[in-house]
Amino acid sequence: MADAAAVSRRGRTRIWLAALLPLVALLAFLLLFLRFGPAGVFTAAFPPVEELTITRVTLPDRGVLRVHVVNGGPAPVTVAQVLVNDASWVHTIDGSRTIGRLGSREITIPYPWVEGEPVVVRLVTSIGLTFDKEVAVAVRTPAPDARYVTTFALLGLYAGVVPVFIGLLWFPFLRNLSRRWIEFLLSLTAGLLLFLGVDALAEAVELSALVPTAFQGLSLVLLGLVGTPLMLAAVGRRRRESGAASPVYVALLVAFAIGLHNLGEGLAIGAAYASGEIALGSFLVIGFLLHNTTEGLAILAPVAKSRVTLGLLVLLGLLAGAPTIVGAWIGGFTYSPGWTALFFAIGAGAIGQVLVELARLFPGGERGSLASPLNVTGLLAGMLIMYLTGLLVTA
Amino acid sequence: MSRRQAVKWGALGTVGLAAAGTACVQRGRPPAAGDTLKGGLAPGHGSHDDMMAVGELRRGSFDPTAFLTHFDYGRVSTLPSGQTLREYDIEATEFELEVAPGVFFPAWGYNGQVPGPTIRCTEGDRLRVHFTNSGTHPHTIHFHGFHPANMDGAFEVVAPGGSYTYEFDAAPFGLHLYHCHTVPLKRHIHKGLYGAFIIDPKEGRLPARELVMVMNAFDTNFDGENEIYAVNSVAFHYQKHPIELRLGEPVRAYVVNLTEFDPINSFHLHGNFYRLYRTGTNLTQHEFTDNVMLCQGERAILEFSYNHEGPFLFHAHQSEFAELGWMAMFVVRGPALG
């Protein structure tokens, strides 16, 4: 027996060595390549490829622009001059003018920007390439003070928390509905979520284009989109042996997924406000309220026939709505298209998983009611509601 | 408008009041310490010192200050006929030109500089220009002026490694130019193959402080639009290093426009007017003005002197060109010249 154990231990050692062998070979080859080349063969023929991404331009005070720039390219880049609205301008940089790969700098420019008008910042590199960023509407970037925090807390409250809670007020009504109509509402929820999911994915893909190349925006989106439902599925599997998930779990999942979507939304709102992209239009908050109230309904549908405490309802509402506030705070202070794209992708992925779980709540079998005329109508109605309230928002 | 955009707009309803409040507070802000620097202007509030390229040229870079007053009279000898012979060696090369501090433009130029050397002679001189093409593309030298067809630098293209000798009598007197006439023209001219060509009248001109100013520009990112404008290649050079003049000192500026991509350029002088001699081919003034517009290849001689001390700007009166580097300065100091 002792012999057998020793043999098996030796066998295991051999397996590990076998696993390490390719890595050792790779390392050895890399060292040889760097030491003896011919690395020159691959670089000499091409001009240096420079790539800078201006991730953010803020206007912290009258007569001041602050530019955050990231080198997402393969080689170091030297920022030689700065042009603002086609005029060469003095500036200071918090560090060396040469930015290493994946390095970042903050450039401060004393430029008398005009409130309400666009500002275009252009960086000229040592080889004369240019990298631009436009601030569509110049407004002073809010300082991270109490007023700003309160404003965005209120905004998140109005746009995220309040509508969700108003939606939750449908709970007593839902409890008295027949199974048939609950299924209709579940289908409606699926329609709403489908709309939000596609919206989140579209935002994620759009934002991924703004991510510095080295950070591979689209890959980030893919990670969030595929990774999230897989992780949620794995967690869900642990919570139950087989069959459909518990309604409470599905409701939590719905709230969580909507919350992630709203976090991305909050990030985008905060960043847009901070970078002066948004202008005044208070009546739109009303449209936004209507638009998001349906989210409350979506969260409730799975638990309509379950025993639910008031505490759980509050938790569901906060889970779905509060991330808007957090997102707006983060987005306003430190916006990064990469993170926002990732959050939108995670939201889209989570919604995908929620749709799977929702489908499981329907009676299975060949004559499954998922595709019954009433439920298909519900699905379409859900998407239509989002579309129509979306029109209100854009009005 | 996308949904997110809509959401953003909606957001403003809530934050609008707060923003308006902040704006009001900002407008009423009392001046802080330091606001009075630079003649009452804080940075970012409109001082000319803010609109500028940062840093200094690298050592060994093309020096516009030296170029400004340098004239190449060639190797002078006398032909058996008694005619003055001026010989020049001009070589086309490829090199990096620092067009603003830290910004390096992959230039083609004559004798390793942009603009090329200012060729100067007197009307009637025999010119013999030995041209060598040390670049990787075919080039020529096309002189403006009177000469035989085969001395025109248009059809006798000089291949890389080749050479050609241009020989003709200098005429008519005036301010001219020379440049490469190989196609594509835009590329060859914009890369820097040009220079000023001065033919003095036989009787000469009155003594003056003489300055060569070639208005040029560089499309550093090759998108068909210029990023850098200048006189004599380096953005803001003479604003950072003003040209010193004496009170009452007669000044003669030889201004040539070789700006590519933009149809025109201009020369505006502050606090003064100049006598304008278009193309310098006539000794009587064309106009008394403080602003002249020149097409590409057009040139003019400007004569003036200052009766006031102090700093005076001169620049393109297209604000865009001025702001991208074609901004310069004279500093006039007393006492007046005898």
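Modeller: Four strands of chain A make up an open sheet, ordered E1-E2-E7-E5, with antiparallel pairing; strands are DSSP runs of E with at least two residues, helices are runs of H or I with at least four, and both are numbered from the N terminus. This is a predicted model, in which local features need pLDDT of at least 70, side-chain atom pairs count only at pLDDT 80 or more, and totals for chains, interfaces and linings use all residues. Residues are numbered from 1 along each chain as its sequence is written, while chains are lettered from A and ligands numbered from 1 in the order in which they are written.

Biologist: What makes strand E5 of chain A pair with strand E7 of chain A?

Modeller: Two strands pair if DSSP finds at least two bridges between them, and two bridges join E5(A) to E7(A), residues 104–109. The bridge partner of A:Ile93 in E7(A) is A:Ile107.

Biologist: Why does A:Ile346 count as buried?

Modeller: A residue is buried if 20 or more other C-beta atoms, placed from the backbone, lie within 10 Å of its own, exposed if 12 or fewer, and partly exposed in between; A:Ile346 has 26 C-beta neighbours inside 10 Å, and therefore counts as buried. A:Ile346 belongs to helix H10(A), residues 337–360.

Biologist: Why are H5(A) and H10(A) called roughly antiparallel?

Modeller: Their axes, lines fitted to C-alpha atoms over the stretch in contact, have angles from 0 to 180 degrees between N-to-C directions. Angles under 35 degrees count as roughly parallel, over 145 as roughly antiparallel, 65 to 115 as roughly perpendicular and the rest as oblique. The axes of H5(A) and H10(A) cross at roughly 155° and come within 8 Å, which makes H5(A) roughly antiparallel to H10(A).
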